[in-house]
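Me: I would like to learn how to read side-chain features in a protein model. Could you take me through them one by one?

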Amino acid sequence: HDARGLTIRQRHIIALYALYQRQYGDFLSNSGRAGESLPRFRRALSNDRLADREGASNNYALALEKAGMAVEALKVNARLLSAGTGRPEIYLNAGNQMMKMGDRGQAAGMFRKAFSLAPAGSAYSAYAGDRLRRLESGP
């Protein structure tokens, strides 16, 4: 959307539309309707006024995975990781994908990075630590 010529109210409505699309995509994906959520995430991510694009992209990758599109989900995560995200949940999700693919070494690296980024005592930290312990204890 070209912001030139738009009023403040119009820009605000465009941002709200992106947020609505993302939230509806989250709802559909979390309700077992991941396939239906994908167009909502795509609409939200195509809107340049979307706040928290990283979070929306991460949830889009999760929805892709739930919809059986693991390769596409990996591509989305790869873009997030190559952009230098500082969000532990993205590394956790990438680690889980690597585990499903049988790449324990890559998964361990992702979980270590998530652990280092997560605040001490947080759910992210606990989950990353648990995944690392499971990896180290064997298959």
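Me: Let's start with charges. How many salt bridges does the structure hold?

Reply: The general idea comes first: side chains of opposite charge can pair when their charged atoms come close. Please keep in mind that this is a predicted model. The structure holds eight salt bridges.

Me: Which residue forms a salt bridge with E54, and how far apart are the closest N and O atoms?

Reply: The partner of E54 is R87, and their closest N and O atoms are 4.0 Å apart. This pair links distant parts of the chain: E54 belongs to helix 3, while R87 sits in the loop between helix 4 (70-82) and helix 5 (88-100), 33 residues apart. E54 has 28% relative accessibility and counts as partly exposed. R87, at 22%, counts as partly exposed too.

Me: And which residue forms a salt bridge with E65?

Reply: That is K100, with 2.8 Å between the closest N and O atoms. Here too the pair links distant parts of the chain, with E65 in helix 3 and K100 in helix 5, 35 residues apart.

Me: Are E65 and K100 buried or exposed?

Reply: They fall into separate classes. Buried means under 20% relative accessible area and exposed means over 50%. E65 has 19%, so this residue is buried, whereas K100 has 65% and therefore counts as exposed.

Me: What about D130 and R134: how many residues apart are they in helix 7?

Reply: D130 and R134 are four residues apart in helix 7 (residues 123-136), which means that about one helical turn separates them. They form a salt bridge whose closest N and O atoms are 3.1 Å apart. D130 is partly exposed, at 26% relative accessible area.

Me: Which residues do salt bridges that share partners join into one network?

Reply: The network joins R22, D26, D52, E54, R87 and E89.

Me: Now for the rings. How many aromatic pairs does a search of the whole structure find?

Reply: The search finds three. Let's look at one of them: the ring centres of Y20 and Y24 are 5.9 Å apart and the planes are at 10°, so this pair is stacked. As for how to read such values, a pair of aromatic rings is described by the distance of the centres and the angle of the planes.

Me: Where do Y20 and Y24 lie?

Reply: Both are in helix 1 (residues 8-30), four residues apart, about one turn of the helix. Y20 is partly exposed at 43% relative accessible area, and Y24 is partly exposed at 26%.

Me: What is the angle between the planes of F41 and Y60?

Reply: Their planes are at 50° and their centres 6.1 Å apart, so the pair is tilted. F41 lies in helix 2 (residues 34-46) and Y60 in helix 3 (residues 53-66), so the pair ties together parts 19 residues apart in sequence. F41 counts as buried at 0% relative accessibility, and Y60 counts as buried at 11%.

Me: Which residues do ring pairs link into a cluster?

Reply: Y20, Y24 and F27 make up that cluster.

Me: One last feature, contacts. Which residues does S57 touch, not counting residues up to four places away in sequence?

Reply: S57 touches L45, V76 and L80, with those sequence neighbours left out. S57 lies in helix 3 and counts as buried at 12% relative accessibility.

Key. Residues are numbered from 1 along each chain as its sequence is written. This is a predicted model: local features need pLDDT of at least 70, side-chain atom pairs count only at pLDDT 80 or more; totals for chains, interfaces and linings use all residues. Side-chain values use heavy atoms; hydrogens and water are left out. Rings of Phe, Tyr and Trp (its six-membered ring) pair if their centres lie within 6.5 Å; planes under 30 degrees apart count as stacked, over 60 as edge-to-face and the rest as tilted. Helices (H or I, at least four residues) and strands (E, at least two) are DSSP runs, numbered from the N terminus. Buried means under 20% relative accessible area, exposed over 50%, partly exposed in between (1.4 Å probe, protein chains only). Contact means heavy atoms within 4.5 Å. A salt bridge is a side-chain nitrogen of Lys or Arg within 4 Å of a carboxyl oxygen of Asp or Glu.
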